[in-house]
Amino acid sequence: CIQLQSWMHPDHSHTHLCVMDSWIIYGLIGGVGVLQLPLLVDLLMAAFPDKNVQRLTQQWISTVLQLLVVALAVIALFYYYTYFVGGLGDSLFITWAWVMTMDCYIHASLIVPATLIKSQVVGFDHYCPFTRNVVFKNNFVPFITFLSHSFMGLLYATIVTFPSFLQCWVGPVLLNMDADACHDPPHVSLAFIAAFGLWSASASLLGFQLFLLATNRTTADFFRHIRRNHPLLDLLLPAPPVGTDPSKFTALILHQVKWYSFIVPPTLATLFFPNRSTVSPIACSQSTKKQQ
């Protein structure tokens, strides 16, 4: 690592950046581990419905998760343009996926229902600790778009960081490869761990939400079904929601989807398609204040 920095800066004045970057990657991996905790708790709820397992939805936990999401997104973009920048096409794709991801995350966080009473929220799906907000009809499309674009961006990150991880860690340890083939410092060769951890989380969440849409169920319906000790295999069959609202949840969500929902950031869609775009956070906030 010092040799790399010395080659980039012959005067040795920036070799301390190597140590700093190593701590950044260690913190990045730790942050990814923290983000996995709410998902693990939800898995425990599904696996042991008879146990009193509580979701990690406390306000302070949601605040920490929000800060982690934003911090990891900023660091990820910094890492790409610092160590893994590709051609023009790759850079345009990553930048577009990053802007879509963050803009949709902001909209999913700021578009709030007029009431927090579940039975009165139209299209209620679940409370998301990562957005510190309810996922429902008006912000479900930004939420699923956030998951889909983070999935694509993190898949790219996983692919481009794997060769360095293979040469520096997997190869020498498991495949008897020559350790001298590794030319990357730890903050580059270990980036795969963070990328793969985030990608696996986004892939799980996206797959779960698409499964629920395919079977016309909400997340609340899913866990209600589990708590009633119904077989998990029953959930594979398309059926009306188990809850009190058989309002065809999938049709309700698809009605919110526009042709530009997955290619134009919601903020730009609000500007260019003001009469056809989804609900904006400002309009939703004003509506909420009026109803309150």
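## Aromatic pairs

In this predicted model, a search of the whole structure identifies 20 aromatic pairs. One of these joins Phe222 and Phe223: the ring centres are 5.2 Å apart and the planes stand at 90 degrees, so the pair is classed as edge-to-face. The cut-off for that class is an angle over 60 degrees. Both partners are buried, Phe222 as well as Phe223.

Ring pairs also build a cluster, whose members are Phe151, Phe162, Phe165, Phe192, Phe196 and Trp199.

## Helix H7

Helix H7 covers residues 191–214, a run of 24 residues. From its first C-alpha to its last it reaches 34 Å, which is close to the 34 Å expected at 1.5 Å a residue. After H7 comes Asn216, which has a positive phi, near 60 degrees.

The buried residues of this helix include several alanines, namely Ala191, Ala194, Ala195 and Ala201. Leucines are also found in the buried set, among them Leu198, Leu206, Leu212 and Leu213. Phe192, Gly197, Ser202 and Gln209 are buried too. Of these, Phe192 also belongs to the aromatic cluster, together with residues such as Phe196 and Trp199.

## Two buried loop residues

Gln256 is located in the loop that runs between helix H9 (249–254) and helix H10 (266–272). Its relative accessible area is 15%, so Gln256 counts as buried, the limit being under 20%.

Although Gln256 and Asn138 are 118 residues apart along the chain, their C-alpha atoms are separated by 7.6 Å. For Asn138 and Phe124, which are 14 residues apart along the chain, the separation between C-alpha atoms is 9.5 Å.

## A nonpolar surface patch

On the surface, Val34, Leu37, Leu40 and Leu43 form a nonpolar patch. Together these four residues have about 360 Å² of accessible area.

Leu37, one of the patch members, is part of helix H2, which spans residues 16–47. The relative accessibility of Leu37 is 43%, so this residue counts as partly exposed. That class lies between the buried limit of 20% and the exposed limit of 50%.

How values were computed: Residues numbered from 1 in each chain as written. Predicted model: local features only at pLDDT ≥ 70, side-chain atom pairs only at ≥ 80, totals over all residues. Heavy atoms only, no water. Phe/Tyr/Trp six-rings, centres within 6.5 Å; stacked < 30°, edge-to-face > 60°. Buried < 20%, exposed > 50% of the residue type's maximum accessible area, 1.4 Å probe, protein only. Helix = DSSP H or I, 4+ residues; strand = E, 2+ residues; numbered from the N terminus. Expected span 1.5 Å × (residues − 1). Patch = residues over 30% accessible without salt bridge, like charges linked within 9 Å, V, L, I, M, F, W, Y side chains within 5 Å. Areas by Shrake-Rupley, 256 points an atom, 1.4 Å probe, with all protein chains shown as cover. Salt bridge = Lys/Arg side-chain N within 4 Å of Asp/Glu carboxyl O.
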